[in-house]
Amino acid sequence: MSSPSRLIAHFDLDAFFVSVECLNDPSLKGLPLAVGGSSDRSVVAACSYEARKYGVHSAMPMKTALRMCPHLKVVSGTRGEYSRYSRIVTDIIGSAAPLFEKASIDEFYIDLTGMEKFFRPIEWTLQLREQIIKTTGLPISFGMGANKMIAKIATDAAKPNGYLFIEPGKEVEFLDPMKVSKIPGVGDQTNRDLLQLGIETIRELRLANPDMLLRQLGKLGPELWNKAHGRHSGEVNPYQEAKSVSTENTYETDITDLSFLESELVRMTEKIAYELRQENKLAGCIAVKIRYPDFETTSRQTTIPYTFYDDELIPQARALFRQLYRKGCAVRLLGVRLSELTAEAKQTNLFQDIDRKSDLYKAIDSVKNQFGKESINKAGGLKNRNL
């Protein structure tokens, strides 16, 4: 007996941070608006569609955004409100959906496979969308298709505040006219590589020789070829509240050397900041954890302007460590966690701008990608590395 055809819906709250700010202050509606810090070191965490008309995009340095749109309205953001609205939407979906995944603070996948026996999935999903809009006042788009990839691309095509159902069997027709950059996982470098091969559209990728793609792009080539055919096997993972990147280390001997602990803190923060950039996400919260030899464990966190930069995260980690650390005490475990992640930047090239700091991090990450995460570290993270 054959298994039922898969059917996945993907929900994405449109310009989520901006939409929340406009709900809290209606005078902001319709303005070129960016959420983030106003200093030269800040980045755009989110921006309105009005701002995007000027070329502003999420993860762009704020000073670049202000140069492109001098009348851009910048608000620092109300992080607690984002979490509150995200929880409301999560609860609405959780009370109705048979199986769902919270991919980020503003993005959800729902597995509706087999549910066509009981109701029309498109009507059910439309009713769920209307319930979310009515309850929260937030605009939300959704796409529906035979797998997560198709559903996500459909959502992007439906924005802003729309919906699109790609009927099973029509994936190729839907994908063919699109640029290859619309495929999740095709970043700026991969896009350039494909263009050099004469491949600009998904149709051209679909018709390309998979053996040639393997030779030119490695294992990514056949993977992209399959995606160009509308194939994707990713599962909807059951909802989990926590969404973060973290690292921690339990030491074989208890550590009393404060300089070593501080260098470890730098190294750990660098590591997870790099992971964050690889996931094309920004963090709005950082936490430090300390465990002492008697197994007493303490942790402290703080909200921060959304960022993925080491030099903005490390001072925050150091400040938390100093608040937590019991002077003179040995440490058994040390950890750092970044949370309140947002996918606002997922569809952008985080380094498209010509900002000097972004160019620097692009170069650093390029070396790490080629030679390993530990190939470059800040001096503060190198002390006593062999102890």
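Predicted model: local features only at pLDDT ≥ 70, side-chain atom pairs only at ≥ 80, totals over all residues.
H12 and H13 pack at an angle of about 140°, with their axes 9 Å apart. Residues are numbered from 1 along each chain as its sequence is written, and side-chain values use heavy atoms, without hydrogens and water.

Helix pair
- The crossing of H12 and H13 is right-handed (the near helix is turned clockwise from the far one by less than a right angle).
- Contact (heavy atoms within 4.5 Å) involves residues including Leu261 and Leu265 of H12 and Leu313 and Phe321 of H13.
- By class, this contact has nine nonpolar, one polar and six charged residues.

Sheet
- Four strands form an open sheet in the order E9-E12-E10-E11, with antiparallel pairing (strands pair if DSSP finds at least two bridges between them).
- Strand E9 (245-255) and strand E11 (297-307) stand at the edges with a single partner strand each, so one side of each has no neighbour in the sheet.
- E9 and strand E12 (residues 331-342) pair over seven bridges; Ser246 has Arg337 in E12 as its bridge partner.

Helices on the sheet
- Helix H12 (residues 258-278) packs on the sheet and touches E9, E10, E11 and E12.
- Helix H13 (residues 310-324) also packs on the sheet, touching E10, E11 and E12.

Definitions and conventions:
Helix = DSSP H or I, 4+ residues; strand = E, 2+ residues; numbered from the N terminus. Axes fitted to C-alpha atoms, helices over the stretch in contact; angles between N-to-C directions. Nonpolar A, V, L, I, M, F, W, Y, C, P; charged D, E, K, R; others polar.
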